[in-house]
Amino acid sequence: MEILWMLIVGGIIGWLASLITGRGVPGGIIGNIIAGFIGAWLGGLILGNWGPVVGGFAIIPAIIGSIILVLIVSFIMRKMGQKNNHNHNHHA
């Protein structure tokens, strides 16, 4: 049951991060959960674990870490998209 709770909270953290940044994470719900987990880890590394803890996540650092992660991922996806579009234009 605890793992399910962690998945739900991780998904919500990832979803909040994509809402706040206005950028989606590829992979839908699974992408949000992964972003929430990695973001929580990243936030914990950068900010430590403080504030309210829900489902094993220190919520505030987790959300901040997820926002950073979503911004990085969307930046990389956009760069890759530009590169792919550039290549397609070359071949046309």
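**Group meeting: a predicted chain of helices and strands**

Let me begin with serine 66, which counts as buried at 0% relative accessibility, where buried means under 20% relative accessible area, exposed means over 50% and partly exposed lies in between, with a 1.4 Å probe and protein chains only. Serine 66 has its place in helix α3, and if we set aside residues up to four places away in sequence, serine 66 touches Ile13, Ala17, Ala35, Gly36, Gly39 and Ala40, a contact being heavy atoms within 4.5 Å.

Residues are numbered from 1 along each chain as its sequence is written, and side-chain values use heavy atoms, with hydrogens and water left out.

On confidence, pLDDT being the predictor's confidence in each residue on a scale from 0 to 100, the chain averages 84, and 89% of the residues score at least 70. Confidence in the chain is lowest in α3, with a mean of 80, and highest in α2, at 89.

Now the overall layout. From the N terminus on, the elements run α-α-β-β-α. Buried residues make up 35% of the 92 residues, and of the contacts between residues at least 6 apart in sequence, 57% join residues at least 24 apart. The chain exposes about 5900 Å², of which carbon and sulfur atoms supply 72%, the areas coming from the Shrake-Rupley method with a 1.4 Å probe and, for residues, with only the protein chains shown counting as cover.

Helix α1 has 20 residues and reaches 29 Å from its first C-alpha to its last, close to the 28 Å expected at 1.5 Å a residue, where the expected span is 1.5 Å times one less than the number of residues. The buried residues in α1 include Val9, Gly10, Ile13 and Ala17, and the helix is followed by glycine 22, whose phi is positive, near 75°. For α2, the 20 residues should span 28 Å, and the end C-alpha atoms are 27 Å apart, which agrees. Among the buried residues of α2 are Gly36, Gly39, Ala40, Gly43 and Gly44, and α2 is followed by glycine 48, with a positive phi near 80°.

Glycine 44 deserves a moment, as a residue of α2 that is buried with a relative accessible area of 19%. Leaving aside neighbours within four places in sequence, glycine 44 is in contact with Asn49 and Pro61, and its C-alpha is separated by 9.5 Å from that of isoleucine 64, 20 residues apart along the chain.

Which residues have the most contacts inside the largest nonpolar core? They are Val9, Ile13, Phe57, Ile59 and Ile63, in a core of 14 residues, a nonpolar core being a set of buried Ala, Val, Leu, Ile, Met, Phe, Trp, Tyr and Cys residues joined through side-chain atoms within 4.5 Å. Helices α1 (2–21), α2 and α3 (59–91) each supply at least two residues of this core, and the largest share, six residues, comes from α3.

Apart from residues up to four places away in sequence, isoleucine 59 touches Val9, Ile13, Pro52 and Val54.

I will finish with the aromatic rings, where Phe, Tyr and Trp (its six-membered ring) pair if their centres lie within 6.5 Å, and planes under 30 degrees apart count as stacked, over 60 as edge-to-face and the rest as tilted. By this rule the count comes to one aromatic pair: phenylalanine 37 and phenylalanine 57 are edge-to-face, at 5.2 Å centre to centre and 85° between the planes. Phenylalanine 37 lies in α2 (residues 28–47) and phenylalanine 57 in strand β2 (residues 57–58), so the pair ties together parts that are 20 residues apart in sequence. Phenylalanine 37 is partly exposed, at 30% relative accessible area, whereas phenylalanine 57 counts as buried, at 5%.

Notes: Helix = DSSP H or I, 4+ residues; strand = E, 2+ residues; numbered from the N terminus.
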